[in-house]
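Here are my notes on this one, point by point. Have the viewer open while you read.

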There are 2 protein chains.
Amino acid sequence: MSDAVDAIIGQWEAERPDLTDALWPVQVIGRLQRLGRILEKEIKTFAAERGLEMGEFDVLTTLQRSGPPYELTAGAFRKAAMVTSGAITNRIDRMEAKGLVERVRDTDDRRAVKIRLTERGHEVTSAFMKDHLANEARLLADFGREGSEELAAQLRRLLEAFGDTSIK
Amino acid sequence: MSDAVDAIIGQWEAERPDLTDALWPVQVIGRLQRLGRILEKEIKTFAAERGLEMGEFDVLTTLQRSGPPYELTAGAFRKAAMVTSGAITNRIDRMEAKGLVERVRDTDDRRAVKIRLTERGHEVTSAFMKDHLANEARLLADFGREGSEELAAQLRRLLEAFGDTSIK
DNA sequence: ATTGATTATTTCAACGTTGAGATAAAAGCA
DNA sequence: TGCTTTTATCTCAACGTTGAAATAATCAAT
């Protein structure tokens with residue numbers, strides 16, 4: 001069996017035989033890139049159907065899973081979402097306008113801004129999380145749960161090799 | 001050992017125990033998303049150091065590996081790069097201004113536009129491909145070549161499950 | 001041959017992110 | 001107490017992508 005990445009590697013071997021021995025990383029990185037893009041589109045569509053931008057979706061789930069008091073600083077989001085500070089300001093502005101989160105000035109450190117999930121934000125998140133997970137299960141249905149767990153173990157090893165060992 | 005995704009799943013189990021049985025897809029999809037973002041940033045940085053946008057980088061490599069006559073239609077790029085038609089027009093405009101590619105009207109089908117790699121585009125691509133692959137090998141160095149091949153086999157299975165079996 | 005549907009690309013406004021600079025508060029140190 | 005450095009967030013112009021509408025050429029059917 002072969003996929004799109006096999007085809008790409010085959011093209012390189014034909015056109016640039018001098019690179020043949022150096023192509024092995026493409027087998028992993030090329031596939032991870034493709035899978036990342038496919039999944040991003042799927043989840044973006046899911047979020048859009050609920051009137052949410054993907055980044056907003058991210059903020060809501062990050063807040064809910066953080067547990068009481070359901071608030072995190074803007075900086076914490078920046079790191080969790082791997083985006084710049086401008087993007088976070090922008091997201092929170094939009095979400096505050098929608099009533100999903102509210103800004104609370106930290107009393108100890110007045111530079112910091114805590115983003116708190118509102119009651120409405122809580123309801124919205126609770127409402128879609130189950131469907132979201134069902135959607136992800138659907139995506140992996142053909143691949144199977146067993147295969148998923150095997151694959152997950154290897155992906156964990158790779159993330160560790162990249163030093164991605166914390167959500168902070 | 002545990003990574004950022006293990007931490008995320010742990011948070012969900014604590015905050016939403018009702019979802020525990022449905023969390024298994026996150027082990028795969030959460031990790032693929034994180035890896036995708038990490039790799040995207042790495043390659044974006046590599047391209048930027050050579051004065052290229054990531055999308056431009058993509059066009060150059062797609063053209064070179066396609067072999068003689070090093071030309072493809074705009075539509076072929078749209079599909080290969082998984083982006084919209086507007087993005088392709090934009091990319092080609094920029095790259096044409098840089099002298100990396102040129103537009104050639106197809107004589108058979110005059111709706112179609114062939115994008116052809118110029119001599120200069122060829123040189124630029126040849127110049128960075130070796131470094132690009134070395135950079136990817138560096139990223140996977142800790143994970144190892146053997147582990148990479150194992151992982152690649154499973155990722156291929158997953159891509160096939162998603163129906164990603166062609167570069168067309 | 002004419003009409004309608006389809007296909008390929010371009011145009012363009014809206015959108016979210018980036019990244020540098022600005023603002024402001026806190027921390028470190030003399 | 002002052003002074004500098006560091007930290008946290010916001011501001012804003014530039015940038016690339018999206019997605020729908022426009023343009024133009026080909027195909028299909030009668």
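1. Burial terms first: buried means under 20% relative accessible area, exposed over 50%, and partly exposed in between (1.4 Å probe, protein chains only). On that scale R16(B), with a relative accessible area of 11%, is buried. Its salt-bridge partner D18(B) counts as exposed at 54%. The closest N and O atoms of that pair are 3.1 Å apart; a salt bridge here is a side-chain nitrogen of Lys or Arg within 4 Å of a carboxyl oxygen of Asp or Glu.

2. Housekeeping. This is a predicted model, where local features need pLDDT of at least 70 and side-chain atom pairs count only at pLDDT 80 or more, while totals for chains, interfaces and linings use all residues. Residues are numbered from 1 along each chain as its sequence is written, chains are lettered from A and ligands numbered from 1 in the order in which they are written, and side-chain values use heavy atoms, with hydrogens and water left out.

3. More on salt bridges: the count over all chains comes to 32. One of them joins E56(A) to K98(A), with 2.6 Å between the closest N and O atoms. E56(A) sits in helix 3 (residues 54-65) of chain A and K98(A) in the loop between helix 5 (85-97) and strand 2 (101-105) of that chain, so the pair ties together parts 42 residues apart in sequence. Helices (H or I, at least four residues) and strands (E, at least two) are DSSP runs numbered from the N terminus. E56(A) is buried at 2% relative accessibility, whereas K98(A), at 34%, is partly exposed.

4. Also look at R111(A) and D109(A), whose closest N and O atoms are 2.9 Å apart in a salt bridge. R111(A) is exposed at 71% and D109(A) partly exposed at 28%.

5. Now the sheet in chain B. It is open, has 3 strands in the order 1-3-2, and pairs antiparallel; strands count as paired if DSSP finds at least two bridges between them. Strand 1 (71-73) and strand 2 (101-105) are the edges, each pairing on one side only. From one strand to the next the twist averages 30°. Strand 2 and strand 3 (residues 113-117) of chain B are joined by 5 bridges, and E102(B) stands opposite R116(B) in strand 3.

6. What packs on this sheet? Helix 4 (residues 74-81) of chain B does, touching strand 1 and strand 3, and its direction makes about 85° with that of strand 1. Contact means heavy atoms within 4.5 Å; axes are lines fitted to C-alpha atoms, for helices over the stretch in contact, and angles run from 0 to 180 degrees between N-to-C directions.

7. Y70(B) has a positive phi of about 55° without being a glycine, and is buried at 16% relative accessibility.
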